[in-house]
2 protein chains.
Amino acid sequence: MSKQQLYLHYKEHLQKIADVKYASAVLQWDQETYMPANGAGFRARQTATLSEITHELFTQEKFKNILQELRHADGLTTAQQKNVSLTWYDYTQQEKLSAPFVRQLSEAISKSFQSWIAARKDNRFAVFETDLARVVDLKKQEADLLGYEEHPYNALLNQYERGCATILLDKIFSELQEPLKDLLNKIRNRPQVEDAFLYQRFPKQVQWDFGIKVLQDLGFDMTSGRQDISEHPFTTNFSSKDVRITTRIDENDFSNMTWSCIHECGHALYEQGLPESEYGLPLGEYTSLSIHESQSRLWENNVGRSMDCWTYLYPILVNYFPEQFKRTSVESFYRGINKVTPSLIRTEADELTYHFHVLIRYQLEKELIGDDLSVKDIPAYWNEQYEKLLGVKVPDDKRGCLQDVHWSHGSFGYFATYSLGSFYAAQFFNAAKTNRPDLSLEIRNGRFQPLLGWLRKNIHVHGRRYTSEELCKMITNEPLTIKYFLEYVLDKYKLIYEF
Amino acid sequence: MSKQQLYLHYKEHLQKIADVKYASAVLQWDQETYMPANGAGFRARQTATLSEITHELFTQEKFKNILQELRHADGLTTAQQKNVSLTWYDYTQQEKLSAPFVRQLSEAISKSFQSWIAARKDNRFAVFETDLARVVDLKKQEADLLGYEEHPYNALLNQYERGCATILLDKIFSELQEPLKDLLNKIRNRPQVEDAFLYQRFPKQVQWDFGIKVLQDLGFDMTSGRQDISEHPFTTNFSSKDVRITTRIDENDFSNMTWSCIHECGHALYEQGLPESEYGLPLGEYTSLSIHESQSRLWENNVGRSMDCWTYLYPILVNYFPEQFKRTSVESFYRGINKVTPSLIRTEADELTYHFHVLIRYQLEKELIGDDLSVKDIPAYWNEQYEKLLGVKVPDDKRGCLQDVHWSHGSFGYFATYSLGSFYAAQFFNAAKTNRPDLSLEIRNGRFQPLLGWLRKNIHVHGRRYTSEELCKMITNEPLTIKYFLEYVLDKYKLIYEF
């Protein structure tokens, strides 16, 4: 068999696996948007079966042989070689987890998601505890199976961000803490900005319509995606031609829907920009979670909370809600949507205090996986840390340790990538501005296409070809640094809080 | 290994297959309700892959060996034996179709569904022709692979209704034709009833709300199912705990949504009543398509177009649409909703002329599969038959041969079961009335639970344990006969048309 024939076998097999994975993603999307409550039991076993099949297909001896032969092959293009070597890496990782283990984990996750929903309804962590403990237990086993250096949590971090480790994150968070605290103190010493206009009554349907308008303006392709409502907003995709985002709407809080909608849109624009021709192959996949998050953060914050953006969008918004905004100038609106204040809910946090929310979760997970904290003590730990780092008292579990969907999904090691995403976003946005001196002007005129084009060309089109670090160096000529993020927030809040 | 251990292996394997089948059903449900247009391409390959996996799992040598050992086993309960023998039958059928053939068919069907949508949009059969021709070609191959006696179409009929054949259907339709024509003539000679009140303006949302109210009254469990909107109404399920129905709403035609909603509800009540403990096994599946259809028809017509039902429902309806119905008495309403008049659209046809719609499709399919008609000649054949049998001129393809989704799904041999369903429905409803003398009164008081309970006990709970014929004899003490249907329509229309 020629190398190209062999590559074709490899490609077909991997795309078949992608079909099953994406099918499973459809089931999960349905579970979180439309599935009736009683559907949960059988749905759990259905997604578990699909996970098992994916795992079986991926770990087939036959496939391993193809991979091994291709790894040392001449006659492949550079792109083909890259696909093969990334798949080989994935293979060696996956090989460490047995099919029964994968099924157990998937079933435990489906159950814990349901009890997370129930626990939120009841506003009692205890309802979630047993099923979560089972998931944590399996995640520890997973870390052991995957192997790690220094800390078991590194094995989990590495699943979301290849090469990521506690030593790196400890360093970044420690570099960040002082300047962030300084900035927060400066802000605290200034009069608070006004944002009461965000908490009027905003009818559901009008919010929804405004959200759709924003999605379309930013460049979300509605013929290759859609938005729905779910408990916790998320983005998923079943190909680059079918990208689903969800949002939630609070009729008494305009910000709840709006920036989550822009955030998910950022994720979705990335997915819609991945190369269709590489469907199911590594080069058709996103680089890493932090790069994915850099795209959502860039649109949510660097664009979506900028004066440039609202110079264009605000008159449109006023048309949707003339009564609500008639006494608010665009300048006041801009200051209000950038209000900095320690708060309880991560997804509603401002751009500064946000990173304390992440830090708490990061440290909590590290202790949980390292056996320094037990699941039943999560609420106490959580509440203590929120008081210590953010100075807020957590009134109940729903606004405390039950607020995020991640743990119920078994996603430990995920949160840190949110902060990394913000730092990459600032660094990329700075590069985009350097490359396109007219960027501000374009955004002020509602022309988001040039920025999207820049992201498509420099980031999206590459898929998983480069690591986060390589991509960052290629685009910005230096490795990740929190310098640009700190510059960005300092410049911004200096003007807003006038210090 | 003990027989019970072996049975457990059989059960686990079959339930795993069910998981994949139901996953595929979720993808198909999504495709017809929410999927963005550009998602179609990759969705086609995703469902094709799931079909292929289902087929691979089902035709595994290992599974065949288990089945063969279990077939001749002592130590199984009667129910277990029944499951095994039905699976063995399915196995021998499936074995005749190769995995590549199943994939080809599934891909062709996904494509043809999309071009059916496009053709309806364009109102041109030509847009659908090539993809349909491919499906027909594959269905002929399928008939050859499955094997048949007398006519290749019998192989396809048998897939939906075991034992069904052209010789039986030719007989039933010929017995039906004369009495039906007689009845139609009697009706034609009487003044037509008034139904203009159905074609006023009925706002979408109010129709939707009324539909949901009806679903709940009839006993549809909203925690184990839901309703959505699609191009063509259908019922699907992913377990007996997650049953999805769809409807469509025409703001200028109240009947369009209402009886399709009741019809799909009948299907859904059946699915919700199948034994949960037999998930994925034959005894957890419906008896046959004609029995499935008997449930939808019974609720749609025998109940949903009866004076008893509307004695209860009409005052409720008037609350939803006070303006629209203020000048219409319940008697006039009852007569109007039972108006008999030859028409173009099968799903909107009255209970009498409906069977001519089926007859035309039945004969068309028989000729298509028997190579006596080619795909390109479908519109001409269709239009000619509608003129001949129903006396109506078909103005365009959308109201002609593009009206049904079935062919785009590759469902040839399906339509006949609709008529069989009506005949079973009349026979079952007659038995229910005999068994429960208070049934009319209960329905007049909006108490549908006793009827549902009767159906659950006599039909739903059995799953696929009996054949249609066995079930019919068990419940009604005689085999299927069109006698009850003819009695039912004669009694009904005599009063309505006063002849």
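This is a predicted model: local features need pLDDT of at least 70, side-chain atom pairs count only at pLDDT 80 or more; totals for chains, interfaces and linings use all residues.
Trainee: What makes H11(A) and H17(A) a contact, and which residues meet?

Mentor: Contact needs heavy atoms within 4.5 Å. On the H11(A) side, the residues that meet H17(A) include Leu289(A), Ile291(A), Arg297(A) and Leu298(A). Facing them from H17(A) are, among others, Tyr418(A), Leu420(A), Ala425(A) and Phe429(A).

Trainee: How do the residues of the contact of H11(A) with H17(A) divide by class?

Mentor: There are 11 nonpolar, seven polar and two charged residues. Glu and Arg count as charged, so Glu293(A) and Arg297(A) belong to that class.

Trainee: What describes the packing of helix H12 and helix H14 of chain A?

Mentor: Two packed helices are described by an angle and a distance between their axes. For H12 (residues 307-320) and H14 (residues 330-337) of chain A, the axes cross at roughly 115° and come within 10 Å. This crossing is right-handed as well. Trp310(A) and Tyr314(A) are among the H12(A) residues in the contact, with Phe333(A) and Tyr334(A) among those of H14(A). By class, the contact has eight nonpolar, one polar and one charged residues.

Trainee: Over to chain B. What makes E1 and E2 of chain B edge strands?

Mentor: The open sheet has three strands in the order E1-E3-E2, with mixed pairing. E1 (225-229) and E2 (235-239) each pair on one side only. Neighbouring strands are turned by 20° against each other on average, direction ignored.

Trainee: How do you know that E2(B) and E3(B) pair?

Mentor: Pairing needs at least two bridges. E2(B) and strand E3 (residues 242-247) of chain B have four, in the antiparallel sense, so they qualify. Helix H9 (residues 204-218) of chain B lies across E1 and E3, running at about 155° to E1(B).

Trainee: Why are the two copies said to be related as by a two-fold rotation axis?

Mentor: A rotation of 180° with 0.0 Å of shift along its axis superposes chain A on chain B, with an RMSD of 0.0 Å. The copies are therefore related as by a two-fold axis. The same surface serves both, with 100% of the contact residues of chain A recurring in chain B.

Note on methods: Residues are numbered from 1 along each chain as its sequence is written. Chains are lettered from A and ligands numbered from 1 in the order in which they are written. Side-chain values use heavy atoms; hydrogens and water are left out. Copies are superposed by least squares on the C-alpha atoms of residues with pLDDT of at least 70 in both. Helices (H or I, at least four residues) and strands (E, at least two) are DSSP runs, numbered from the N terminus. Axes are lines fitted to C-alpha atoms, for helices over the stretch in contact, and angles run from 0 to 180 degrees between N-to-C directions. A crossing is left-handed if the near helix is turned anticlockwise from the far one by less than a right angle, and right-handed if clockwise.
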